[in-house]
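Please read it with the coordinates at hand.

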Amino acid sequence: MFLGITFLGIGLWAWNEKGVLSNISSITDLGGFDPVWLFLVVGGVMFILGFAGCIGALRENTFLLKFFSVFLGIIFFLELTAGVLAFVFKDWIKDQLYFFINNNIRAYRDDIDLQNLIDFTQEYWQCCGAFGADDWNLNIYFNCTDSNASRERCGVPFSCCTKDPAEDVINTQCGYDARQKPVSVVVTVLSNNMLLLSTKGVGGALACAWCSICDNVLSSSLVKEVDQQIVIYTKGCVPQFEKWLQDNLTIVAGIFIGIALLQIFGICLAQNLVSDIEAVRASW
C-alpha cells in the first residue's frame, strides 16, 4: 500500500512539474505515450490492492477481502489472457509494437519523460528506431526532407550512436547528419607513427581516435567509406527486443511464473481468511 502511495506521489509530482495538473486538458495533447501513466496506473493498482488486503485483514472486513480476491483474480486472468494472445498473435503484436514505437518517435521532442524513455530503450538494446534508423524520418526534426531547416535534419538522437569506451562525456550531437550519405572516415597520418581518425558528414568531427601504425604507411591521407554501423546502431528496437526476449526467455518466464504464484497465494489466503471469519461469526 505504501509503495503504491509512493508511485502515485511520483506520478503526480511529475505531472505537476510539467504543468499538467494546472491544465488537465493537456493530458490529451501529447501525441505519444506519457511514461508518467506507468507510475499512476501501477501505483493506483498497488494502493487499491494494499488497502483492501491490509484493512480487510486488520478489521476482518469480508467485503474488502472478497474485493481483494476478485480484483487480484481479474488481474491474474488479464495477464494470462495477454500471454496467450501474445503467443498466438505474434505478428499482430509485432505490428502493434511497431506502430507504438513509431507513434512515439513522432512525439520524441514533445515530452521530456518520453524522450528519456526512448533514449534509455535505444541505449539499452543498442537499437535505433522501430526497425531501423530511417524510422526517424517520421519525426519533424530528424527527417531528411529539403523543407526541414532543423540542425538535426537527417540525423538521429544521441542514444542511437555507438559508444566509445574512452569517452567520458556523452556527445549529444553525435547523431547529427548520421543518415546523410556518404559517411566518410578521414585517416590522416601524423608524426610519431600515429593516425588521426575523424568522421565527415556526421556533425563535423564526430569522433577522433589515436592508434599506432607501422612505418610502411603508403600515403599521408586516406579516405575510406564506412558503413553507418561505425557511427550509429542500425538494428531496430523491435528485432532487438525479440532477440533479448529469446536470450532471456527462462528469466522472463520465471519472473512471470513467480508473480502468478504470488497472486494465486494471495487469492487463496484471502479466501481462507474470509472462510475463517464467516465460520467464527456463524458460531456466535
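Cys 128 touches Gln 122, Ala 133, Trp 136, Val 156, Cys 160, Tyr 233, Lys 235, Gly 236 and Cys 237, leaving aside residues up to four places away in sequence; contact means heavy atoms within 4.5 Å. The model is predicted, so local features need pLDDT of at least 70 and side-chain atom pairs count only at pLDDT 80 or more, while totals for chains, interfaces and linings use all residues. Residues are numbered from 1 along each chain as its sequence is written, and side-chain values use heavy atoms, with hydrogens and water left out.

**Nonpolar cores**

- A nonpolar core is a set of buried Ala, Val, Leu, Ile, Met, Phe, Trp, Tyr and Cys residues joined through side-chain atoms within 4.5 Å; buried means under 20% relative accessible area, exposed over 50%, and partly exposed in between (1.4 Å probe, protein chains only).
- The largest nonpolar core has 23 residues, and those with the most contacts inside it are Ile 101, Cys 128, Trp 136, Val 156 and Ile 232.
- Two or more residues of this core come from each of α4 (90-106), α5 (112-125) and α6 (237-247); helices (H or I, at least four residues) and strands (E, at least two) are DSSP runs, numbered from the N terminus.
- A second, separate core of 7 residues includes Leu 49, Ala 52, Phe 68 and Leu 72.

**Helix α3**

- Helix α3 (residues 62-88) has 27 residues, which should span 39 Å at 1.5 Å a residue; its end C-alpha atoms are 39 Å apart, in agreement. The expected span is 1.5 Å times one less than the number of residues.
- The buried residues of α3 are Thr 62, Leu 64, Leu 65, Phe 68, Ser 69, Leu 72 and Ile 75, and they pack against α2 (36-58) and α7 (249-282).
- At the start of α3, a side-chain oxygen of Asn 61 reaches to within 3.0 Å of the backbone nitrogen of Phe 63.

**Disulfides**

- The structure holds 4 disulfides, each defined as a pair of cysteine sulfur atoms within 2.5 Å.
- With the bonded cysteines numbered in sequence order, the pairing is 1-8, 2-5, 3-4, 6-7.
- Cys 128 is joined to Cys 160 by a disulfide with an S to S distance of 2.1 Å. This link is right-handed, with 90° about the S-S bond. Both cysteines lie in the loop between α5 and β1 (184-190), 32 residues apart. Cys 128 is buried at a relative accessible area of 0%, and Cys 160 is buried at 0%.
- Cys 144 is joined to Cys 154 at 2.0 Å from S to S. The torsion about their S-S bond is about 100°, so the disulfide is right-handed. Both residues are in the loop between α5 and β1, so the pair ties together parts that are 10 residues apart in sequence. Cys 144 counts as partly exposed at 27% relative accessibility, whereas Cys 154 counts as buried at 4%.
- Cys 161 is joined to Cys 174 at 2.1 Å from S to S. A torsion of about 105° about their S-S bond makes this disulfide right-handed. This pair also lies in the loop between α5 and β1 and ties together parts that are 13 residues apart in sequence. Cys 161 is buried, with a relative accessible area of 4%, and Cys 174 is buried, with 9%.

**A further cysteine**

- Cys 54 is partly exposed, with a relative accessible area of 38%.

Methods. A polar contact is a pair of N or O atoms within 3.5 Å; within protein, one must be able to donate a hydrogen and the other to accept it, and residues adjacent in sequence count only if both atoms are side-chain atoms.
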